[in-house]
Amino acid sequence: GYSAVVFNPWSAGVVYCAVWGDAVYQSNDNGATWSKITGSPAQVIRMKFGWGGLFAATTTGVFRGWNSGTWKDVTPPGQAGNSFCALDTKDDQVVVSRNEQSNAPLYYASSGTGATINWTQKNLSYTRSLAWWQSYDMKADWTSAVAFEPWRGDTLWLSH
């Protein structure tokens, strides 16, 4: 199964596809041919381009791929081996959500260059925007997507 597909926003025709349990593949010709990226993570849930490369949220952590083809584990400290289910990037910021059975925390990277990311856990206040779904607990397991609001850097949108 294919778990994630992203287009390189800086290089026309470059596409990345994560194949569950295998690796991330790259195409330089709009998907006509594919090459396996050696050392890429195997169980990718989400991928997103951001500053410093291609980010992948996986069942074992968070990884960043570079143009050179190398991948680095950039999982928040103390969270190695945990599953991350949602990912977004904006400017020089990265946000990921960790999967757990209840009260899944979010981690936010406000700075970092090169191979370093400075992760900070954020305490969030949740606001439901679906008036017809009042009984649902947004802090429950498996946040399926997280996204920065494009015009306000302090606001995140979550879906479950």
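T58 touches P41, Q43, V44, I45, F63, N82, S83 and F84, leaving aside residues up to four places away in sequence; contact here means heavy atoms within 4.5 Å. This is a predicted model, in which local features need pLDDT of at least 70, side-chain atom pairs count only at pLDDT 80 or more, and totals for chains, interfaces and linings use all residues. Residues are numbered from 1 along each chain as its sequence is written, and side-chain values use heavy atoms, with hydrogens and water left out.

To stay with T58: this residue lies in strand β6, residues 53–58, where strands are DSSP runs of E with at least two residues, numbered from the N terminus. T58 is buried, at 1% relative accessibility. By definition, buried means under 20% relative accessible area, exposed over 50%, and partly exposed in between, with a 1.4 Å probe and protein chains only. The T58 side chain also reaches the backbone nitrogen of T60 at 3.0 Å.

I turn now to the salt bridges. How many are there? The count comes to two, a salt bridge being a side-chain nitrogen of Lys or Arg within 4 Å of a carboxyl oxygen of Asp or Glu.

One joins D22 to K36, with the closest N and O atoms 2.9 Å apart. Because D22 sits in the loop between β2 (15–19) and β3 (23–27) and K36 in strand β4 (residues 35–36), the pair ties together parts 14 residues apart in sequence. D22 is partly exposed at 27%, and K36 is partly exposed at 48%.

The other joins K48 to D88, the closest N and O atoms being 3.0 Å apart. This pair links distant parts of the chain, 40 residues apart: K48 in strand β5 (residues 44–50) and D88 in strand β9 (residues 84–90). Here K48 is partly exposed at 31%, whereas D88 is buried at 7%.

Note on methods. Helix = DSSP H or I, 4+ residues; strand = E, 2+ residues; numbered from the N terminus. Polar contact = N/O pair within 3.5 Å; in protein donor to acceptor, adjacent residues only side chain to side chain.
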